[in-house]
Amino acid sequence: MSTPVSTIVTDFDSTAGRTGALARLRAALGDDSCLDASSLARAYFATDSSIYRVPPTVVAQPRTKEELVAVVRAALAVGMPVTARGAGTSLAGNSVGVGLVVDAGRYLNKVLCVDPESKTALIEPGVVQSVLQKAAAPHHLRFGPDPATSDRCAVGGMIGNNACGARALGYGRTSDNVVSLTVLTGTGEIITLGEGGEALAEPVQQVAAMAKDHLAAIRTEFGRFTRQTSGYSMEHLLPERFAPEKFFVGSEGTLGVILEAKVRLVEDKPVKQMLALGYDSMDKAGDDIPNLTSFHPVAAEGLDNRTIDVVRRFKGADAVPPLPKGNGFIFIELVGDDAAEVEQRANALLAAAHALDAWKVDDPETVTTLWRIRTDAAGLAGIGLDRPAYSSWEDAAVLPEHLGDYLRDFEALLERHHLHGLPYGHFGEGCIHCRIDFPLDRPGGTADYRAFMLDAADLVVKYGGSMSGEHGDGRARSELLSKMYSPEAIDLFAQVKAVFDPNNLLNPGVIVNPRATEADIRVAQTLHSKLREIDPAFVQAVHQCSGVAKCLADNTATGALMCPSYLATGNQLHSTRARARMLQEMINGQIVSGWRAKELHEALELCLACKGCRKDCPTNIDVASYKSRVLYESYKGRIRPLNHYALGWLPRWGRLVSAIPGAGAIANFALKVPGLKNVALRVVGVDSRRPMPQFRVSGSARKAAAKAMNAGSHTHLLTDEELAARPACVIWVDSFTDAFQGSALPALVKVLFQAGYNPKVLQEDACCGLTWITTGQHDGARAQLRRALDVLQPIAASGTPIVGMEPSCISVWRSDAAELLPDDPRVGEVAKAIHTLAELLTQTPGYQPPDLSGHTIVAQPHCHHASVLGWGADAKLLKLTQANVVKVGGCCGLAGNFGVERGHYDVSVRVYEHDLKPAIAKAGPDAIILADGFSCRKQVKDLSDLEALTLAQLLASHS
């Protein structure tokens, strides 16, 4: 028999209180293997995508519905608060809380069935929305709502927040697309709401009776327009439209925990047409919305040049396709069954629009790019201002006919509070998102934040709007509900809550008895952090991670890279967001303490340092750089692990072996003798299953190439005068090419010569320090970089192009070098002068690559090539060859020293198996595997016994 809740007093703010509560939970639960009370889990689940931080006592990742029921009932029995969480993409602090946090996304993430006849799907609460879309697509169906986070958000979370997204204008909100819900209430009772409920459960009967007692208030205050999602949706309890399953949607886990859901699917129309409209300003675009929605678009999204400029600044000018004239834009999507009807409607809309400029967007790539800009707006807005910008006043909504006026008044409100924002949003339904540069990292900042929130709430009420238009009230806006609703309605919320959750254990502090909007703000909790005083730039960079969680999405099929380790393990603790959160927690210091904290190193352990987050994360997080900093600070002045010396100094060992005649052959032999090899690899922390690279047996590659060139291997058909008349270029040979077996350098010399250059192989050592950087040896890396600058800068200053061979080494000059040597102007000179082969050849007038028609090329860009350098030049060059090019997304899995180190091998293999292995298998045995990265070629050889070619080898072998 459980102890009555009323007799349990637990202080969740104290270690002793949490320890006692956790012990009682474990005792009540019995099998507690689904629980994780580690500091790592507590730190990660302390935050979602909002500004709030509330560390839980324990996290549960139930593996079955039965286990979910058991763990929630056990928590309720011992008086432990329960917060349900999906992917943690909530922007208002809806999915953080003391006590137990339930993560359904790890295991309860399946589409149980799709019924095309009834156009419904039965799902578990943790299923990702895009997974549901894929399951419905073969039947030409889709789940209507599509938030910007649809490739990682959980449908259970969408139900909790009544999520909408861009296409809710055409397909409805989540509440419009729910058929039935099976939920566990705060009393521990399991009830079914909607279809399938045998009879009205007692809690439903009680709240239905309450609704009858307050008909006037409900009819006048609720359900006034589609984006009114704040508070409980009492309109669905009216007798004439009684739908308890719809009422439950948007209750943010305060009334029950979802166990299963049956959702409605809609037909995915085959004809789609995008329109782009330009206006003088965004508010003028808002004025035109009532005119545009009469043409029945499924989406009408608005933004302005401020967001577009951020994209250009961070992603490059090529990241933004041509747009109509103007400063404010609306992107429209029309759909239908008949192409002629859709075209006619599109033409009519363009003719009726009061835009400066408007056109149809027919190119599929441009359509995808424009929608990506819109969906990435939240993350981009967070880094697009001079100071960090935050969510919170995130998705207020007004009636569309008031949108233009609201936008003008909202801009004036920001100005009065000396704040800045980047508004954008679902213009078709009057819902505006905005990240704002609240001074949360300054003394008094939370008071300024609160003052704005109160005034912003008054502004929305002036226009008869809603504090939330789709993201829920959470900790950010629940306190503001009393401005929007009458005391009668607020009291009705409390009565409803008492029926479903009499002990206030389900997501307490949200909607009913709310926490103050300025309480528990993450950044404000770091005001007195020592690290903030020592290195404020680092603290600000780490807090750029707003938790939008794009790292949890599997987008490698579209060429994305982030986040390989999460895709391999499926554990959120191995994601980019988790690593950024651990760094934020280290700065906070309450759970994770100092650079050497075990939790911090555990979170960073499986980071491949691929820099995919730098490219794919909308907030430009660079965990590879942060990991290097952590290793540097952790081992500064201390003895390091042996693998830091073995792998971190690999170029040094390579030069040593190359300098001693016969040393390469001896080293190769030693690494093949089983007993000797295993002992040596174990000592230096290398996995014995990983074949070691073979040293060159004939010394330095650059010296061998110079000798061959001096002998006229490529110049015998030219006179000295003809050769001197050619433009010069210098080949910078990296340490890997120089010391290890391979034939990439002779091929590169040949290709450059055939392209009309007079190539010279640089003979001086100019190591970029890459391996020192990845192992966090910054002092050594700086020394290597300075020596390299002494060699390379004079060449750059002469105007001679430098051609690099290893993408990861080239990328050092365009990323890490500037961070390690910020005051050395030579870094910028070298960065501009050094090129990949493709970059140089695509800039060479008249160069034509060989015809590779009929060949299939499986191209695996090195991680740093894709994330730092960009692979556009390679794509352009390969297109000219007429080959069928299959560009592989994701990472090869070796990633420099990562896949060599003990403890990483299995993850390295799983990363390889995610994208590269299936791409090779699908292409067939005659396909050419292209990989410029030394690591990528080695991974292919190690795991498939196939040989991959560099771009130089590919071009040279077919010329």
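The model is predicted: local features need pLDDT of at least 70, side-chain atom pairs count only at pLDDT 80 or more, and totals for chains, interfaces and linings use all residues. Residues are numbered from 1 along each chain as its sequence is written, and side-chain values use heavy atoms, with hydrogens and water left out.

A cavity here is a set of points, on a 1 Å grid over the protein atoms alone, where a 1.4 Å probe fits but cannot get out; lining residues have an atom within 4 Å of a point. A volume is the space filled by probe spheres set on the points.

I listed 15 lining residues for the second largest cavity, with Cys563, Thr576, Arg579, Cys607 and Cys610 nearest its centre. This lining divides into 10 nonpolar, three polar and two charged residues (Asp, Glu, Lys and Arg count as charged; Ala, Val, Leu, Ile, Met, Phe, Trp, Tyr, Cys and Pro as nonpolar; the others, Gly among them, as polar).

I then turned to the largest cavity, at about 170 Å³. Of its 17 lining residues, Gly804, Met805, Glu806, Asp932 and Thr950 are the closest to its centre. Helices (DSSP runs of H or I, at least four residues) α35 (744–754), α38 (807–814) and α47 (951–957) give two or more residues each to this lining. I noted eight nonpolar, five polar and four charged residues in it.

Last, I checked helix α29 (residues 650–659): Leu650, Pro651, Gly654, Val657 and Ser658 are buried (under 20% relative accessible area, 1.4 Å probe, protein chains only).

Terms used. On a 1 Å grid over the protein atoms alone, a cavity is a set of points where a 1.4 Å probe fits but cannot get out, and a pocket is an open set with protein on both sides within 12 Å along at least five of seven lines; lining residues have an atom within 4 Å of a point. Buried means under 20% relative accessible area, exposed over 50%, partly exposed in between (1.4 Å probe, protein chains only).
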